[in-house]
Amino acid sequence: MIVLETSFVLVGELRGVLADVSRKDRSLADQMRRAAQAVVLNCAEAKNARGKRSVDRFSIAYGEASELKAALRLVRLFEYADVSEEVLGRIDEVCAMLYRLSR
């Protein structure tokens, strides 16, 4: 499943960002980590679900991805860490896929 694999790539790319944010704002780093985990885990659960359950899991994953995207923008604004254009592009890609899958 493409969205699941792309989510794993995104989480891998966030490791350094999360480490940097954790040194400056532990609460935000924890929230980002939980949102990233929820994206991956809900996508994995949706993979084996059928019908409405699958759509519900993708919808939850979309909400979590949107939260993560907003957090990344905050990280840039507060200058807690360097968030690359590649990471921002990847979260946009994940959000777009999840939006389509959640409808």
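In the predicted model, phenylalanine 78 is partly exposed, with a relative accessible area of 49%. Phenylalanine 78 lies in helix H3, which spans residues 51–78. Together with Leu74 and Leu77, Phe78 makes a nonpolar surface patch of about 330 Å².

Glutamate 79 is located in the loop between H3 and helix H4 (85–101). The relative accessibility of glutamate 79 is 65%, so this residue counts as exposed, the cut-off for that class being over 50%. The backbone of glutamate 79 has a positive phi of about 55 degrees, although the residue is not a glycine.

Serine 54 also belongs to helix H3. With a relative accessibility of 14%, serine 54 counts as buried, since buried means under 20%. When residues up to four places away in sequence are not counted, serine 54 touches Ala46 and Ala49.

Helix packing was examined for H1 and H2. Helix H1 comprises residues 2–24 and helix H2 residues 26–47. The two helices pack at an angle of about 170 degrees, and their axes are 9 Å apart. Angles over 145 degrees count as roughly antiparallel, and H1 and H2 are therefore roughly antiparallel to each other. On the H1 side, the contact is made by Val3, Leu4, Ser7, Phe8, Val11, Leu14, Val17, Leu18, Val21, Ser22 and Lys24. On the H2 side, the contributing residues are Arg26, Leu28, Ala29, Met32, Arg33, Ala36, Val39, Val40, Cys43, Ala44 and Lys47.

How values were computed: Residues are numbered from 1 along each chain as its sequence is written. This is a predicted model: local features need pLDDT of at least 70, side-chain atom pairs count only at pLDDT 80 or more; totals for chains, interfaces and linings use all residues. Side-chain values use heavy atoms; hydrogens and water are left out. Patches are made of residues with over 30% relative accessible area and no salt bridge: like charges are joined within 9 Å, nonpolar side chains (Val, Leu, Ile, Met, Phe, Trp, Tyr) within 5 Å. Accessible areas come from the Shrake-Rupley method with a 1.4 Å probe; for residues, only the protein chains shown count as cover. A salt bridge is a side-chain nitrogen of Lys or Arg within 4 Å of a carboxyl oxygen of Asp or Glu. Helices (H or I, at least four residues) and strands (E, at least two) are DSSP runs, numbered from the N terminus. Buried means under 20% relative accessible area, exposed over 50%, partly exposed in between (1.4 Å probe, protein chains only). Axes are lines fitted to C-alpha atoms, for helices over the stretch in contact, and angles run from 0 to 180 degrees between N-to-C directions. Angles under 35 degrees count as roughly parallel, over 145 as roughly antiparallel, 65 to 115 as roughly perpendicular and the rest as oblique. Contact means heavy atoms within 4.5 Å.
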